[in-house]
Amino acid sequence: MRPGIKIITAALLAAAMAGVGIADEEAAKEGLKKHEVGSQKLAGEQDELSADVQDLIEEQTAEDVIGLLEEVEEIMAEVTTSLDTFDTGGPTIAAETEIIEKIFEAARKRSQQSGGT
Amino acid sequence: MAADSSSPSKPKQTPLPESLKEQLTGFRSQLWKIKVAEAVLCGFFGLLASYLVVFGLDRVWATPATVRLAVLIGGTSLFVFFAPYWIHRWVFGHRREDQLARLIARRFPKLGDRLLGVVELQRQNEAEELLSPELRAAAMKNVAKEAKGRDFVQALPASRHRSWSLAVLATFAVAGAALVFVPKAGLNALKRWIMPLSDTPRYTFTRLEDFSKHMVVPYGESFDLALKLRDDSDNRPPLGTARYGAQPAVESALDDSGLYVFSFPGQQAQDFITIHIGDARHRISVEPTLRPTVESLSAVVTYPEYLELPEKRIDLRAGVLPVVVDSTVGLEATASRELQSASLVNRPLPLHEGLPDSEASPEPPPPSESSLRVHKRKLFAPAIPVTAHPAELTLSWTDVLGLEGAGRFRLRVDPVVDQAPSVYIQGIDRQRVMLEEETVEFDVLGEDDFGVKRIGIEWRGQFTKPTDETPANGELALADSGDTSDLQRLSEEVAFSPSTLGISPQKLIIRAYAEDFRPDGPRAYSDPITIFILTRDEHAQLLKNTFDGIIGELEDAARREQNNFDENQRLERLEDPKLQEDEARDRLQQQEAAEAENTERMQDLARRMEELLKDAVRNGEIDKETMTKIARAMQKMQELGNQDMPEVEQSLRDSQDQRSTPDQSKKDLQEAIEKQKDVLEKMQETIEEANEANRNFEASTFINRLKRAASEEDSIAAALIDSINSIIGMSVEGLDPADQRLIGELSMQQRRTASDVRWIQEDLGHFYARTQKEIHKELLTEMQASHVDTALDDNRERIAENQSYKSIAICKQWAEQLREWAAKLEGPKDGGGGGGGGGGGAGPNDDDFEFMLKVMRMIQKEQDIRSRTRALEQLRRSLGQIATP
């Protein structure tokens, strides 16, 4: 192979490899953007749900149910902050699980009180 | 005479007569000659005879040095000791006349005595006057005269010199003959005779090549002893014999190659083999010893580079080693004894059937043999490349004792093709419907024989309605080999959230993929799963269909319950005693079973109703009243299935109790009938409530769809108004690129809305055909008359052409119209709802329902948020894998 052709081939290979690298980088960037947008969207939804909880608290009369729902609201605020800062890791998911558990707990309390009256 | 007179006192001796003197001298000479000859001949004989003894002994056995020394000493002792003694005795001891006279006296005693007397007379020294000399002379003469007639030779002792001469001649002749005719043997014997203590080997006429005097043979196994006759052997005996210890002798004929091969049976005790071949005699010590065995054998497999796997040591217990092609296999073995040598034969076999893609020649290459490195008890085979051809490796070894291994070790190396990985999706149905905001979870499991490099999922979208949108198409890497130590198995839980991945409602085919380490190896895919991502309207429609199914089954359950009720009533009419007869009891039993079956059905329906309610909550667009009705129906179904119907079942069971009196049985049956009557009423109420909810449900979907279409039109109008200053009066080409993009997006949005409205019309037509509700017919007629679908399509073109002002007006106009239609549908619903809900009325129960619905919705929503958070986290982690492939 002539030296000139060698250089051209090497350049083409380098360009191809660089192209692959760029494509990966772009895919990563795009994915990262998707993650950020998705996380912020979830933060918004969590915030809306927090407002619903607030409304629900106002309708309640039982102290313990109110207490539980207030805790739920608090954790929801925490999750909203996490999601707003793109934190989708284990602690955030754990907090969300805690929210679900506490809402269940509130529902149980409420149904016990209804059954009792 | 004068002389004699002058010395009268001097003794005078009388000499022996001359004749006698001559006779005695002759006798002595003869005696000496004979005895000296005897001594010399005897000495020679001794030497020759001892040589011949050695020669003779060597012909029959390897005469030991000590024996040869003894023979030599014996032979030479005749010369050294006997000859001098003999000479001393006969020569020195018979030199004087008196000694001779005594010898003669042995043969001739009288004569001998006279001769002895004459000799004595001669020695007398008395004075002349005492012994007359004349007298002595006369006496001597007289004896001499008498002796003269005798032959003294006869008085010689018996002589053996002739015999000795013959003996010497004979031995000389024999020795000479030995040296002349068999010079090698003669000279060898001479050398061994002269130098008995030298290590001159014994000469045999039969001569064998050198061999070890000690041999180790396999314990308990028959063995051969091969001895080769030397080419220069003077004798070539056709047969040889060998004997192991005291066992019977074994014979062997001389074969053409000059070998005697003796075959011995298996031996267990150490002993000697005595060999007789011609005049050759040999002894070999034999030590039966167990053959060396391989105590452990392991293969060191080096995988091809692309697999990125470390070397693997495999203990070989079976004779087959499957190894991936392009690997190398080294062998290491430990023997039971120190090794001398080892070798390996590599015999490639014909191509394996399982390797169709192989480029190798179908004919196997020729076998090759190589010697192996040994160190003490270990042997090492160098790395053998694994090709497409299977190979049979035969390992053989020899220990330091020269024993070959007990059985050769054969190992078959089977080339294995690095198979494509397999991948599965688990934990999800093949088909699934979901909302865009929902998250489905499933597991992806990838497996590969030599390691999974990466697993992930791919999706391809497909719209079920015409649209300009591009179907979703993407992939997500889930895990790679760096995440686990179990390379052969890689699994990951997937939280698939369309909204997180930016996937709009459409039909989605999802496949999991797995990659292994093969260079350029294609991905393996799982069976696909199909996910229908629905809009809320579609989802609501689906829920509606499910609801229809549940109501149908509920009606069916009610019919069955009615039939059971009728039969129970028939039984009740029987007279009391008959109720306890077998036939009646059988019928009661059947009734109980039928009730139990229906109870199960009701429980299942209640469960499905609960699912439906959850989905309805998730949908979020179903109105509160409908939800409440669904929840009420569900609650009643749960009560029926878990409480009311089991009570009927129990009463029926009680009525069959044999311990009960006829009255009691009747009473139990009546109780069952009473309860069943309540159940039937409750079922009927539930069906009515469910039907009402269903009607509301269906209607509410139209309402919601119409409302959404209206809001879509509003949003188009709002977007155009927002940008009106920059777009009004401009041609599309002249617009700013951002505005151009906006116009394109709005045009597409209008197209989608037109399509939705077209579907609403079609669905309304079907709905009316089924429900025959006038309101729906009216609405359909109105919509068709308005040509709303065409109008919206036309508006899309206007938007695309940037006729913004007109487009805004039309959007607003149709938004208003769509809302009116929705309101029209809502109107009659309010009235019906009031009637349906009248039974329950408003009160604390309603509050509870509402609270529960809100809570359910919250939980559902929070669960969705959690699932989507998980999906986002998965996406984030997969980005790390893209960045570091």
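Helices (H or I, at least four residues) and strands (E, at least two) are taken here as DSSP runs, numbered from the N terminus. By that count, chain A has 3 helices and 0 strands, and its pattern along the sequence reads α-α-α. This is a predicted model, in which local features need pLDDT of at least 70 and side-chain atom pairs count only at pLDDT 80 or more, while totals for chains, interfaces and linings use all residues. Residues are numbered from 1 along each chain as its sequence is written, and chains are lettered from A and ligands numbered from 1 in the order in which they are written.

For the complex, the predictor reports an ipTM of 0.85 and a pTM of 0.56. Chain B comes out with an average pLDDT (the predictor's confidence in each residue, from 0 to 100) of 84, and 92% of its residues score at least 70. Element by element in chain B, the highest mean pLDDT, 94, goes to strand E3 (residues 239–244), and the lowest, 41, to helix H1 (residues 2–6). Two stretches of chain B stay under 50. Residues 1–8 of chain B do so with 0 contacts beyond four places in sequence, a contact being two residues whose C-beta atoms, placed from the backbone, lie within 7 Å. Residues 828–844 of chain B also stay under 50, with 9 such contacts. Where pLDDT is low, the predicted coordinates should not be read in detail.

On to the make-up of the chains. Chain B holds 19 helices and 26 strands. A residue is called buried if 20 or more other C-beta atoms, placed from the backbone, lie within 10 Å of its own. That applies to 25% of the 117 residues of chain A and to 35% of the 885 residues of chain B. Of the contacts in chain A between residues at least 6 apart in sequence, 62% link residues at least 24 apart; for chain B, 75% of the contacts with a separation of 6 or more are between residues 24 or more positions apart.

One helix pair in chain B can be followed in detail. The axes (lines fitted to C-alpha atoms over the stretch in contact, with angles from 0 to 180 degrees between N-to-C directions) of H4(B), residues 97–107, and H5(B), residues 109–123, come within 7 Å and cross at roughly 165°. H4(B) is therefore roughly antiparallel to H5(B), a label for angles over 145 degrees. Among the residues making the contact are B:Ala101, B:Ile104 and B:Ala105 of H4(B), and B:Leu115, B:Leu116 and B:Val119 of H5(B).

How values were computed:
Buried ≥ 20, exposed ≤ 12 C-beta atoms within 10 Å, placed from the backbone. Parallel < 35°, antiparallel > 145°, perpendicular 65-115°, else oblique.
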